[in-house]
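Please look through the sequence and the model first, then read the points below.

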Amino acid sequence: MARSAPKTTPPAATPFWREKGLDAMTPEEWESLCDGCGRCCLLKLEDDDTGEIHHTDVACTLFDAHACRCGDYSRRQARVPDCVRLTPEAVRSLSWLPPTCAYRLVEEGRDLPWWHPLVSGTRRTVHEAGISVRGRVSGTEEEFTTDELLDRIVAWPAEDPDHD
């Protein structure tokens, strides 16, 4: 009686973010790295004297605080001239990117956390883990004067609840 070859399970594919650097990603892979936390869409203030960046709980005018998404993503830079377009070069140079940002994690050679939608399979986990800005935004930028923004400075957007 002839024996058949043993059945083997094909090895699981390595996720693209572990195999590729930011520069090598397709546009679809790049966009999928965004976890939808909304932290980068919060206004930041820079101290003129020290250069220190202070995060606020005030969002960009286009930000949908419940969905944690830009309300006009495809035209955001035309509508908000100081909107920062993330590129691999920008990721390498922006000190204010949250420590939980997938772009930053991949650039640093780190893996994505359990709550990232590419790992968990659902966008809900970023909210369930307390990473997103949902329920923490005080309003959008047109609702506050520059002086009032100083009263809206908060520390949590620059924190990583899993490592702080």
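Is Gly-38 buried or exposed? Gly-38 is buried, with a relative accessible area of 8%; buried means under 20% relative accessible area, exposed over 50%, and partly exposed in between (1.4 Å probe, protein chains only). The model is predicted: local features need pLDDT of at least 70, side-chain atom pairs count only at pLDDT 80 or more, and totals for chains, interfaces and linings use all residues. Residues are numbered from 1 along each chain as its sequence is written, and side-chain values use heavy atoms, with hydrogens and water left out.

**Overall form**

- The chain has eight helices and five strands, where helices (H or I, at least four residues) and strands (E, at least two) are DSSP runs numbered from the N terminus.
- Along the sequence, these elements follow the pattern α-α-β-β-β-β-α-α-α-α-α-β-α.
- The radius of gyration of the chain is 19 Å, while a compact globule of 164 residues would have one near 15 Å; the value is taken over C-alpha atoms, and the globule rule is 2.2 Å times the number of residues to the power 0.38.
- The C-alpha trace spans about 85 × 35 × 30 Å along its principal axes.
- Of the 164 residues in the chain, 37% are buried.
- Among contacts (heavy atoms within 4.5 Å) with a separation of 6 or more, 60% join residues 24 or more positions apart.

**Nonpolar cores**

- A nonpolar core is a set of buried Ala, Val, Leu, Ile, Met, Phe, Trp, Tyr and Cys residues joined through side-chain atoms within 4.5 Å.
- The largest nonpolar core has 17 residues, and those with the most contacts inside it are Leu-22, Leu-33, Leu-86 and Tyr-103.
- Helix H1 (16-19), H2, helix H4 (88-93) and H5 each supply at least two residues of this core, and the largest share, three residues, comes from H5.
- Another core, of nine residues, lies apart from it and includes Cys-60, Phe-63, Val-80 and Trp-156.
- Leu-86 is in contact with Trp-30, Val-91, Leu-94, Leu-97 and Tyr-103, leaving aside neighbours within four places in sequence.

**Largest pocket**

- The largest pocket has a volume of about 1100 Å³. On a 1 Å grid over the protein atoms alone, a pocket is an open set of points where a 1.4 Å probe fits, with protein on both sides within 12 Å along at least five of seven lines; lining residues have an atom within 4 Å of a point. Grid points are joined across faces, edges and corners, and a volume is the space filled by probe spheres set on the points.
- Of its 41 lining residues, Cys-40, Cys-41, Arg-76, Cys-83 and Val-84 are the closest to the centre of the pocket.
- Helix H2 (27-33), strand E1 (42-46), strand E4 (69-70) and helix H5 (102-107) each supply at least two lining residues.

**Single residues**

- Gly-38 is in the loop between H2 and E1 and touches Phe-63 and Val-133, not counting residues up to four places away in sequence.
- The C-alpha atoms of Gly-38 and Glu-128 are separated by 14 Å, although the two are 90 residues apart along the chain.
- Cys-68, in the loop between strand E3 (63-64) and E4, is buried at a relative accessible area of 3%.
- Phi of Cys-68 is near 55°, a positive value in a residue other than glycine.
- Thr-125 lies in helix H7 (residues 124-128) and counts as buried at 8% relative accessibility.
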